[in-house]
Amino acid sequence: DLNLLISEANLYFQMGNKDKFKELLQEATQKDPNNPELQFNLGVMSQESGDFDSAKKYYDRAIELDPTYTNAEINMAAMILDQEKDLIEEMNSLGSSPADNKRYDELKLQRSEIYKSAIPYLEAVLKTDPSNIDAAKTLMNIYSATGDTVKFKAMKATVESLGG
């Protein structure tokens, strides 16, 4: 029974046995492959264990099954944006030599690409949940960082209208 399997998985999760939890979720997913919540939970487990490729696959599947699954959209955007941390650390550690300036520009371009890849997920969140101020603020900052002045101004107005 699928509900018993999910209940058992949740018990293992509560006891801190994430490996058994993931194993049982995968088994449940085989029984119900079109359940977006199961796909999402596998994405969370994969992300927590550092397996970002699998997490992306599971989140994308959850979104494919339910295009209004905002938690999967939010987690995807957060996981993508988390990639910028290492870039920013390296950017901040650079000096001002010509080689450092060149490397800085390369890293800045990579950071911009990271931002751009998160945009569709955040826009989808706002399409489903127009009052999500966190998604709106993040988009506003991304538009600012990528130089999209028109979208920045529009999102700034949205954030202000939401009380931000």
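## A pair within helix 4

Glu-64 and Arg-61 lie three residues apart in helix 4, so about one helical turn separates them. Helices here are DSSP runs (H or I, at least four residues), numbered from the N terminus. The two residues form a salt bridge, with the closest N and O atoms 2.8 Å apart. The term means a side-chain nitrogen of Lys or Arg within 4 Å of a carboxyl oxygen of Asp or Glu. Glu-64 is exposed, at 56% relative accessible area. Arg-61 is partly exposed, at 24%. Exposed means over 50%, buried under 20%, and partly exposed in between (1.4 Å probe, protein chains only).

## Basis of the model

This is a predicted model: local features need pLDDT of at least 70, side-chain atom pairs count only at pLDDT 80 or more, and totals for chains, interfaces and linings use all residues. Residues are numbered from 1 along each chain as its sequence is written, and side-chain values use heavy atoms, leaving out hydrogens and water.

## Other salt bridges

The whole structure holds nine salt bridges. Asp-82 pairs with Lys-85 in one of them, the closest N and O atoms being 2.9 Å apart. Asp-82 is partly exposed, at 37% relative accessibility. Lys-85 is exposed, at 52%.

Glu-90 and Arg-103 also meet in a salt bridge (2.7 Å, N to O). This pair links distant parts of the chain: Glu-90 sits in helix 6 (residues 84-93) and Arg-103 in helix 7 (residues 98-128), 13 residues apart. Shared partners join Glu-90, Arg-103 and Glu-106 into one network of salt bridges.

Technical notes
Helix = DSSP H or I, 4+ residues; strand = E, 2+ residues; numbered from the N terminus.
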